[in-house]
Every structure is written in C-alpha cells, then in structure tokens.
Amino acid sequence: MENVTMEEQLVYDRPESMASVQTHYCPGCTHGVAHRLVAEVIDEMGIKDNMIGVASVGCSVFAYNYFDFDFVQAPHGRAPAMATGVKRVLPHRFVMTYQGDGDLASIGMGEIVAAAARGENITVIFLNNANYGMTGGQMAPTTLPGQKTSSSPGGRDVEVAGFPIRTAEMLATLDGAGYVVRRSLHDPKNIRMAKKSIRLAFETQKHGLGFSLVELLSTCPTNWGLTPVQALKWVEDAMIPYYPIGDYKVNPALKELKI
Amino acid sequence: MAKELMKGNVAIAEAAVRAGLNAYFGYPITPQTELLEYLSSRMPELGRTFLQAESELGAINMVYGAACTGARVMSSSSSPGVSLMMEGVSYIAGTELPVVLVDVMRGGPGLGNIAPAQADYNQIVHGGGHGDYHPIVLAPANIQEAIDLTYGAFDLAEKYRSIVVILADGSLGQLMEPAELPEMKPAIMRTPDWATYGSEGRERRFLTSIDLDPSQQEKTNFRLEHRWQEIKANEVQYKEYYLDDAEYAVVGFGTSGRIALSAVRAARAKGIKIGLFRPVSLAPYPEKELYELSKQLKGLLVVEMNAGQMLEDVLNITRSQIPVEFYGRMGGILPMPEEIEAEIDRMVNDPTETDGHPRDRWLARFGKMN
Ligand SMILES: Cc1ncc(C[n+]2csc(CCOP(=O)(O)OP(=O)(O)O)c2C)c(N)n1
Ligand code: SF4
Ligand SMILES: [Mg+2]
C-alpha cells in the first residue's frame with residue numbers, strides 16, 4: 001500500500017467582505033451569487049473599510065446583514081438618492097446601492113435616472129429577476145410579455161400593462177453614466193463575466209468616471225414556480241433574448257485600465 | 001455684531017451655514033426658493049455641499065443618506081413639497097437621525113397658492129408620515145427668532161437624534177427685517193458611535209428602520225416615546241406678552257402670533273386686560289404653561305392661519321374649563337390686527353353662549369363670506 005499524504009488546500013472560502021451568517025435567500029436564488037461577487041471584488045480592491053452600502057426594499061433588504069462593512073437601508077426606490085447624500089459628504093468613500101428591478105425600475109425610476117444623469121459617482125448593483133420577489137412574485141416593469149405572475153395571472157398583456165423596460169440601455173443614453181452593462185448569473189462563464197463587470201463598475205467610481213451600473217439577470221425560482229436548474233435555463237432561454245447581455249456604456253478611460 | 005437687513009429665507013439659510021451646515025439638499029418651491037438659491041452659491045463658496053435634487057423625494061433621501069454619516073444636514077421646502085417628503089421623514093425618525101427641515105408654509109390644500117398659511121400644523125406637529133414619531137417643531141415669529149432657532153436646531157437634533165422642523169410661513173420667508181447673525185462655525189462632520197462613514201478601525205455598523213420582530217420594533221417604539229418624554233421635559237419654549245394681570249389671552253404661533261400682538265396692544269390701550277401667549281416650540285407644546293395660565297383667564301382666543309388645527313390642542317390643554325374662541329384666515333390670507341381686535345372685543349364685551357365647538361361658531365360667523 002502506498003502512503004498518501006493529504007495536504008489541505010483551501011480553494012474556496014468566504015470573502016472577508018461577507019459576514020459569517022446564513023442568508024435568508026431561497027435555494028437557487030442568485031441574489032446570493034451576486035452578493036458573493038460584490039464581496040470578492042471589494043476584497044480584491046481592498047476597499048472594505050472605505051465602503052458604505054445602501055440596501056433597498058426587496059428580497060435584498062437585509063443585505064446589510066450579509067456584507068461586512070458599513071451599510072444603510074433606504075426607502076423603496078430611494079437608494080440612489082440616499083447614496084447621493086452619503087457620497088456628497090464623503091466623496092472619498094466607495095458608495096454602492098444594491099437594488100431589485102421593482103425597486104429600481106418602477107418606484108425608484110426617478111431617483112436612478114436623476115443619479116445617472118448627474119453622473120453621481122456611485123456604483124449600482126441591479127438585480128433583474130423579472131418580478132417583485134419579496135412581495136410574492138407580482139408583475140414588475142421588467143416582467144416579460146406573456147409572463148405569468150401573481151398580478152398578471154393570464155400573462156403580462158402589453159396592451160394593458162405596457163412593455164418591459166430595458167434599464168441598462170435606457171440609462172446608457174445619459175451623459176453622466178460612465179459604465180453601464182448587463183450581465184447574467186445563469187452559468188459559470190456568465191458569472192465570471194459579471195464579476196469582471198462589477199470590478200469595472202467599482203473602478204469607474206474609484207477613478208471618478210461617473211455613474212456605474214451592472215444589471216444582473218437573476219433567478220427567482222420560488223415565484224417563477226421553477227426548480228433552481230429550470231430557473232437558470234429560463235434566464236438563458238427567455239430573459240436573455242429580451243435583455244441582451246452587453247456593454248451599453250463604457251467610458252473609454254476604462255479600456256486602458258490594467259487591473 | 002451689527003444688525004443687517006435680511007429677508008427671512010436668506011436669514012434662515014445663513015443661520016444654518018453659521019451653525020456648521022455641512023450639506024444642503026433641496027428643490028425649488030415658492031415661497032421658500034430664496035433659501036435654496038442663496039445656499040447654491042454660499043455653500044460651494046465655503047467648500048460645502050449644495051445639491052439641487054430631482055424632487056423633494058430625492059432631497060429628503062439625500063438628507064437621510066448624508067445624516068447617516070454624521071454630517072450636519074438640512075433641507076427646506078414649502079407645504080406641497082413637504083407632503084412629498086413625508087415618507088423620508090418617517091424613515092429618518094425610524095432610524096433616529098438628526099436632521100433639520102425648514103417648512104415655509106403656503107396656502108393649500110393641493111397646489112393652493114404661494115401666499116402665507118399655517119395649515120401644515122397637523123402634518124408637521126402630529127405626524128404626517130406613518131408610524132409613531134415626534135419631530136421637534138419650532139415656530140419663529142420674526143427674523144431674529146428664525147435665525148436663533150435655526151442656529152440652535154442642529155444641536156437640538158443631534159442631542160436627541162431627532163428631526164427638528166423650523167415651521168415658518170411665506171410671509172416670514174419673504175419679510176425683510178434687521179437682525180443679528182451669530183458666529184460662524186466650520187462645517188460639522190461628527191463621528192458619533194452610530195454613524196456609518198466607513199468602518200476603518202472599528203466594527204462595521206448599519207442604520208436601518210426595519211425590524212420584522214414586533215417585540216423588537218415595540219422596544220424601538222418605547223425608546224422613541226421615552227426620548228420624547230425627555231424632550232417634553234426639557235425643550236419647551238414660549239413667549240408671554242402682557243400676561244401678568246391678564247384676564248383674557250390670545251394664543252397664536254408664528255406670524256399669526258406676531259399679528260395678534262398688535263391687536264393685543266390695541267386692546268390694552270382700550271383698557272382690556274389681555275395678553276398674548278405664543279408657543280415657540282409647537283412640539284413639545286408648552287402644555288403645562290398654557291394650562292396654568294388658563295386658570296387665571298375668563299376667556300381665550302386662538303388665532304391661526306388655518307381652520308383651527310392648533311385650536312384642538314389648546315382645547316385639550318385647557319380641558320374645557322374656560323371659554324375658548326377661534327379666529328382663523330385661510331387660503332393664504334393673513335389675519336389683520338383689526339380683525340383680531342374685533343374678535344377680542346366680542347370675547348370680552350359680548351360673550352354669547354359658548355356651547356359647541358369654537359370652530360363651529362367661527363364658521364357660523366365668517367363661513368358665509370362667499
Ligand atoms: C413604498 C412602498 N411600496 C411598496 C412596498 C412593498 N414592497 C416591498 S418589496 C417590493 C418589491 C421588490 O421587488 P424588487 O425590487 O424587484 O426586489 P426582489 O424582491 O425581486 O429582489 C414591494 C412592492 C414597500 N415596502 N414600500
Ligand atoms: S423570493 Fe425570489 S428573489 Fe426572493 S429570495 Fe426567493 S428566489 Fe430570491
Ligand atoms: Mg425583482
């Protein structure tokens with residue numbers, strides 16, 4: 001018999017910027033993936049102690065319990081305004097909002113557009129899961145045409161409820177935006193791309209290049225009535241065709257950046 | 001320091017600057033706009049933050065965010081804008097943050113007009129936003145008082161982690177009067193043990209107004225109520241005029257109190273033993289003081305620029321033990337001293353039956369105006 005020496009090698013650990021607690025997210029929900037990516041980027045940039053996060057109203061309302069840095073919690077939709085207040089008095093800190101699609105693209109559309117137009121030097125992590133997760137899966141501005149939700153039981157009828165909003169494309173038209181992209185969290189390749197974008201978003205802020213936003217296509221298996229695996233597939237098959245992954249605004253200075 | 005001739009809105013703005021205002025966020029609305037316009041050049045000149053927000057909703061939430069960091073912050077608006085701020089006001093109260101807010105009231109409801117009114121009394125003094133909370137509310141009646149109250153408002157807000165509202169009206173905002181400004185302080189950025197300004201060298205913190213556990217939420221509610229008791233015990237402010245030997249009194253706050261003083265003087269000249277009680281802190285209200293005063297009175301006249309909002313509080317405080325009458329103007333109209341004097345005469349010389357509600361009697365007398 002051969003003698004095998006087992007050498008322990010750590011390949012996966014909790015990022016320092018994540019608190020050592022369990023989240024309340026449902027199994028298969030990609031909110032947790034998004035959290036982890038943000039935490040990894042903050043660790044890599046070494047900015048944890050210089051961070052102030054702004055949580056929104058939605059399933060991520062308790063984000064402040066999961067990130068291990070200073071946080072405040074905003075009224076529904078108002079996170080960009082609150083973040084503006086923080087950033088204007090602490091211009092050398094990093095300020096991030098973490099918002100869902102109902103929060104950002106419905107009740108908070110005014111605040112996000114104004115913040116982007118001002119070129120507010122904040123980073124927005126925008127989770128688009130095509131419904132209002134926290135309140136039980138009602139129709140959101142991002143709900144796809146024909147998509148069934150608890151408040152569009154027959155499927156979203158665009159004649160009545162209008163059309164979904166492509167937030168990233170819309171905000172990218174504003175001169176104050178420095179970096180606006182859409183990514184997806186449905187498979188490892190896309191998750192890696194998402195992480196790189198989150199890094200670039202924070203680099204945008206670091207270099208004072210204006211407003212940055214990463215829209216992340218995300219799952220809500222619970223309210224979609226799908227298994228976690230089916231939900232990932234639905235993102236790929238149904239969401240991505242309507243919400244293409246892409247770079248909608250990238251300040252040229254970012255292209256020269258060596259990370 | 002010498003007195004300068006100043007417009008109310010500008011005087012309030014400069015008093016806030018001198019109190020160490022670090023950041024101002026606001027949105028234009030008449031009759032408050034000069035306050036914002038003045039700060040748009042004054043704050044940057046001093047290297048401090050001024051930002052015109054996208055709305056009052058934006059402004060109050062910017063104030064909310066900035067207050068979380070320990071900065072001295074303020075916003076200002078007028079009635080319709082203040083209505084829009086109510087969501088943020090409730091959150092700020094729920095998060096226990098020090099914030100100063102100026103409401104230069106105008107005629108309403110709805111868009112109303114831009115003339116002076118006092119019809120935000122209920123919205124400001126008795127809430128407006130959801131949940132149990134109590135802002136400190138201070139009502140100046142002249143420009144010097146507006147300066148002094150604004151200057152002190154930040155310390156008060158920080159002492160109790162409370163919202164302080166300077167409740168003025170359009171005429172005070174627009175009026176010009178000589179007044180003296182206080183000493184200039186540098187922009188104030190505190191680091192109290194609750195503030196979130198980046199966690200370097202300490203444990204991280206968070207500020208929130210949510211608590212899904214009702215028993216924990218109730219603890220917060222009790223803490224706020226106990227703090228309010230403390231504020232009630234320590235922060236009452238009021239002014240008394242000619243009350244020592246008074247048999248009658250007028251109660252009025254802010255501009256209506258100021259106008260009533262002229263009427264009181266005219267009535268005194270005619271030999272009527274009347275004085276003026278002017279609450280300066282509307283919250284906490286000078287309850288004990290007014291009740292004690294009421295014991296020496298034969299009658300009391302409440303004058304307001306609304307349909308009797310403070311009147312309800314006065315009735316509560318005086319416990320129906322003395323006759324109370326009411327005179328109000330609304331819609332942006334100031335009561336004239338002669339009108340108030342006529343009401344004083346009626347109260348003293350012709351005390352008809354005092355059954356029913358003073359508002360009903362006032363309406364019966366004046367409600368047929370058009
Ligand atoms: C002013 C206000 N209106 C409504 C609500 C109720 N509410 C809580 S979360 C939510 C929807 C959140 O959806 P989204 O932003 O998409 O986040 P998700 O839960 O899907 O991540 C709503 C409508 C509220 N808290 N405040
Ligand atoms: S309800 Fe949806 S968005 Fe919310 S935690 Fe569950 S899966 Fe995630
Ligand atoms: Mg959602």
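This is a predicted model: local features need pLDDT of at least 70, side-chain atom pairs count only at pLDDT 80 or more; totals for chains, interfaces and linings use all residues.
Residues are numbered from 1 along each chain as its sequence is written, chains are lettered from A and ligands numbered from 1 in the order written, and side-chain values use heavy atoms, leaving out hydrogens and water.

So what holds the magnesium ion (ligand 3) on the protein side? Those two asparagines, N129(A) through OD1 and N131(A) through O, plus D101(A) through OD, at 2.0 to 2.2 Å. Donors here are N, O and S atoms within 2.8 Å of the metal (3.2 Å for Na, K and Ca), and water is not among the atoms, so sites may look incomplete. Along the chain, the donor spacing reads D-x27-N-x1-N.

Zooming out, chain A has 11 helices and 7 strands, taken as DSSP runs: H or I of at least four residues for helices, E of at least two for strands, numbered from the N terminus. Its radius of gyration is 18 Å, close to the 18 Å from the globule rule for 259 residues, so chain A is as compact as a globular protein of that length. That's over C-alpha atoms, the rule being 2.2 Å times the number of residues to the power 0.38. The C-alpha trace spans about 70 × 55 × 30 Å along its principal axes, and 56% of the 259 residues count as buried.

Technical notes. Buried means under 20% relative accessible area, exposed over 50%, partly exposed in between (1.4 Å probe, protein chains only).
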